[in-house]
Amino acid sequence: MKSRAWRDWILASATLAIFAATLVPVPGPPPEFLAPCILCGERGLADGLLNIILFLPLGVALGLYHASLRRALLLAALLSALIELVQFAIPARVPSVGDVLSNSIGAALGWSLVWLAPHWLRPPRVAAARLSLIAALCVMGATVLTGFLVSPAPPHSTYSGQWTPNLDHLEWYRGRVLRAELASLPLPSRRLEDSDSVRALLLEGAPLTVEAVAGPRPPGLASLFSIYDREERQVALVGVDRDDLVFNYRTRALALTLDQPDLRLRRVMSAFSPGDTISVRVARHGQAYCMTIGATERCGLGFTAGDGWKLLFHPEHLPRHLGWALNLVFLAGLAAPVGYWVRARWESAVAVVVLVAGMALVPRWTGLLPITLAELLASLAGLGLGSALYHWVNRRVPASDSRTAQP
């Protein structure tokens with residue numbers, strides 16, 4: 001009875017999470033078409049991966065009910081297709097064939113976790129130790145990948161400067177730019193004559209300076225100054241988001257249609273009134289950025305290994321303390337599988353060394369900021385939580401619940 005209640009809870013929670021994530025209205029007009037693409041839009045890959053993750057618990061629940069793979073895929077595809085049809089009537093939701101595909105893949109992966117449970121839930125001692133080492137290497141790989149993806153990647157193209165542009169996807173900043181330059185290179189509000197030099201300076205982290213007359217507080221992100229290329233791709237942007245000063249640069253993640261985290265000075269714009277003259281300066285020193293506006297300067301800005309989750313989903317107005325907490329949860333979650341499979345063997349000892357050394361040393365080689373003490377402690381806490389989860393599973397979950405689901 002307890003086992004059935006557990007399965008019912010997982011199924012209900014997974015279904016409610018899917019409905020909450022897909023059927024809540026967002027600002028914007030209702031869609032007028034069904035997108036035929038697989039990975040659609042500027043966040044195509046990020047959305048696809050999130051759709052896979054969203055339906056993974058549903059696949060787990062169906063696997064626990066001993067549904068066949070064919071039945072699990074059919075149910076997931078039907079549910080996803082129904083959601084896509086309902087989204088025609090929901091503002092700013094774009095129904096997509098690709099969503100049905102990625103949702104089905106997520107359900108299949110969740111079902112496979114149950115089917116393969118005997119191999120990972122209660123593995124033999126030697127296999128568990130080897131799994132812990134594999135998991136630690138995956139954490140190191142995720143750190144390297146995060147550093148690679150958040151690195152600047154200005155495209156080889158023809159650039160144009162834009163002074164307070166009125167862009168469709170952003171608010172319009174009603175201030176006025178007086179001067180913009182990169183190092184000593186002027187950046188007028190037109191096509192730039194030497195795009196190759198601009199690209200080289202951006203890669204070097206040369207100081208970008210914008211002098212402007214402040215405008216009224218915008219309700220969302222508005223471009224004060226930006227550089228776009230002839231394919232209308234954003235290369236760099238200095239903007240104002242309510243009371244925040246924002247700097248955004250094109251990363252490898254954005255080029256791969258992942259999400260685009262930004263750098264912010266929070267609430268600094270509240271010190272300026274419309275008509276005030278402001279001077280903004282952004283420069284990179286080593287791995288970190290410095291942002292200056294007026295007498296306010298903040299250095300050491302950048303991304304750490306804990307920011308990896310933002311490549312999938314980066315809410316612009318997330319409170320700073322909540323974003324910091326999610327960084328810690330993300331790192332603890334990465335380390336938990338290592339702790340789950342740690343055993344008294346040399347492979348696990350190496351796994352712990354790889355995990356700690358990777359977190360401490362890899363960022364220096366990848367352009368990330370050094371991991372903070374809190375993030376390192378979160379990773380170690382993840383090891384402990386994983387170990388505690390293993391002991392809980394062995395005490396509470398009946399061995400029959402980990403048997404292979406029949407395809």
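How many cavities of 30 Å³ or more does the structure hold?

Analyst: The structure holds one cavity of 30 Å³ or more. Before we look inside, please keep in mind that this is a predicted model, in which local features need pLDDT of at least 70 and side-chain atom pairs count only at pLDDT 80 or more, while totals for chains, interfaces and linings use all residues. Residues are numbered from 1 along each chain as its sequence is written, and side-chain values use heavy atoms, with hydrogens and water left out.

A cavity here is a set of points on a 1 Å grid over the protein atoms alone, where a 1.4 Å probe fits but cannot get out. Its volume is the space filled by probe spheres set on those points, which are joined across faces, edges and corners. For the largest cavity, that space comes to about 150 Å³.

The lining of the largest cavity consists of 18 residues, each with an atom within 4 Å of a point. Nearest its centre lie Leu202, Phe247, Tyr249, Arg284 and Tyr289. Two or more lining residues come from each of helix H7 (195-204), strand E6 (234-241), strand E7 (244-249) and strand E9 (277-285). Helices (H or I, at least four residues) and strands (E, at least two) are DSSP runs, numbered from the N terminus. The most is given by E9, with three residues. Sorted by class, the lining has 15 nonpolar, one polar and two charged residues. In this scheme Ala, Val, Leu, Ile, Met, Phe, Trp, Tyr, Cys and Pro are nonpolar, Asp, Glu, Lys and Arg are charged, and the others, Gly among them, are polar.

Let us follow E9 into its sheet. Six strands form an open, antiparallel sheet in the order E3-E2-E4-E9-E10-E11. Strand E3 (185-186) and E11 are at the edges with a single partner strand each, so one side of each has no neighbour in the sheet. Two strands count as paired if DSSP finds at least two bridges between them. On one side, E9 is joined by six antiparallel bridges to strand E4 (residues 208-213), where leucine 208 stands opposite valine 282 of E9. E9 also pairs with E10 in the antiparallel sense, again over six bridges, and valine 280 faces isoleucine 293 in E10. The hairpin of E9 and E10 has two residues between the strands, and glycine 286 takes a positive phi near 70° there.

Further along, strand E10 (residues 288-293) pairs with strand E11 (residues 296-301) over four antiparallel bridges.

Strand E5 (residues 221-229) runs antiparallel to E6, and seven bridges join them. Within that pair, tyrosine 228 has glutamine 234 in E6 as its bridge partner.

How values were computed:
On a 1 Å grid over the protein atoms alone, a cavity is a set of points where a 1.4 Å probe fits but cannot get out, and a pocket is an open set with protein on both sides within 12 Å along at least five of seven lines; lining residues have an atom within 4 Å of a point.
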